[in-house]
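Below are some notes on the arrangement of strands and helices, in numbered points. Please read them against the coordinates.

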Amino acid sequence: MTLQGKVALVTGGSRGIGRAIAEALSAAGASVATCHADDPPAVPFPVALALPADVSSEVDVVCLFDRIEAELGTPDIVVNNAGILHEAPLAETSVTDFDRVIAVNLRGSFLVAREAARRMESGRIINIASDLGLLGRENMAAYGASKGGIIALTRSMARELAPKILVNAIAPGPIDTDMTSPGAMSPEALAKDLDTPLARFGRPGEVAALATFLAGPDASFITGQCYGVNGGSVMT
Ligand code: NAP
């Protein structure tokens with residue numbers, strides 16, 4: 001129970017990686033709030049608060065923090081996990097599609113982190129990027145750009161918010177969630193995802209384990225880093 005007494009926010013906590021992180025932080029003793037895009041959520045929540053909030057909306061993000069502060073207290077741990085994927089050739093990617101991916105993934109991470117910086121005296125921000133933010137991927141230019149932006153945002157925020165708030169990123173490789181389900185990605189993209197040394201999809205819990213470590217007391221000298229949980233897709 002290393003996170004006993006801590007308050008955590010996990011964006012996009014209704015499904016997949018975010019849900020696994022929310023459950024893991026909760027199991028470590030934190031009071032966990034999550035947010036999700038659709039209302040009502042498709043599944044019941046094991047967490048303290050589960051609120052609808054579009055992370056790309058400034059108003060929604062401010063209201064989200066207001067509710068969490070009123071009901072649980074100021075967050076000590078903020079996990080920027082909410083994200084969307086768009087797969088299309090560059091020539092067929094509309095401005096609307098590009099802007100939406102950047103708005104949810106990159107602007108959303110900025111808005112949530114900015115609100116955290118305004119309210120938190122100390123704590124941890126963990127940004128969920130992607131190995132594609134480092135590698136790039138054909139037909140996923142907007143997504144890759146948004147995730148590369150999150151890695152850059154992490155480094156700047158880590159410098160600016162030190163020493164009170166430690167900021168790190170996790171760049172997962174292929175993880176078995178709705179985002180990587182057969183309907184959500186092309187067979188070609190799924191085959192590429194499996195072309196790693198470990199040749200399998202990771203489990204959401206394998207990302208959650210690292211997030212829990214980065215949120216905890218043993219990660220007290222770590223900031224500005226980007227860690228892969230990726231089956232070897234990126235080696236640095
Ligand atoms: P997922 O299963 O599709 O879940 C996405 C989550 O984000 C859901 O909780 C969804 O809420 C929420 N969300 C989407 N748009 C939102 C918005 N505008 N405002 C608030 N919440 C929003 O995805 P996942 O695979 O768990 O991915 C989680 C994160 O990991 C994403 O940032 C993704 O880019 C990243 N990632 C995933 C993989 C992978 O292979 N799966 C690899 C690398 C990085 P609703 O349930 O309401 O829709």
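1. Strands β5 (residues 123-128) and β6 (residues 165-172) are paired in the parallel sense, with six bridges between them. Gly-123 has Ile-165 in β6 as its bridge partner. The model is a predicted one.

2. The sheet that holds this pair is open and has seven strands, ordered β3-β2-β1-β4-β5-β6-β7, with parallel pairing. At its edges are β3 (49-52) and β7 (226-229), each of which pairs on one side only. On average, neighbouring strands are turned by 20° against each other, direction ignored.

3. Helix α1 packs on this sheet and touches β1 (7-11), β2 (31-36), β4 (77-80), β5 and β6. The direction of α1 makes about 170° with that of β1.

4. Helix α3 (residues 95-119) lies across β1, β4, β5 and β6. Relative to β4, α3 runs at about 170°.

5. How do α1 and α7 cross, and at what angle? The axes of α1 (residues 16-27) and α7 (residues 204-215) come within 8 Å and cross at roughly 50°. The two helices are therefore oblique to each other, and their crossing is right-handed.

6. On the α1 side, the contact with α7 is made by Gly-16, Ile-17, Ala-20, Ile-21, Ala-24 and Leu-25. These meet Pro-204, Gly-205, Val-207, Ala-208, Ala-211, Thr-212 and Ala-215 in α7. By class, the residues of this contact divide into 10 nonpolar, three polar and no charged.

Definitions and conventions
Residues are numbered from 1 along each chain as its sequence is written. This is a predicted model: local features need pLDDT of at least 70, side-chain atom pairs count only at pLDDT 80 or more; totals for chains, interfaces and linings use all residues. Side-chain values use heavy atoms; hydrogens and water are left out. Axes are lines fitted to C-alpha atoms, for helices over the stretch in contact, and angles run from 0 to 180 degrees between N-to-C directions. Helices (H or I, at least four residues) and strands (E, at least two) are DSSP runs, numbered from the N terminus. Angles under 35 degrees count as roughly parallel, over 145 as roughly antiparallel, 65 to 115 as roughly perpendicular and the rest as oblique. A crossing is left-handed if the near helix is turned anticlockwise from the far one by less than a right angle, and right-handed if clockwise. Contact means heavy atoms within 4.5 Å. Ala, Val, Leu, Ile, Met, Phe, Trp, Tyr, Cys and Pro count as nonpolar, Asp, Glu, Lys and Arg as charged, and the others, Gly among them, as polar. Two strands pair if DSSP finds at least two bridges between them.
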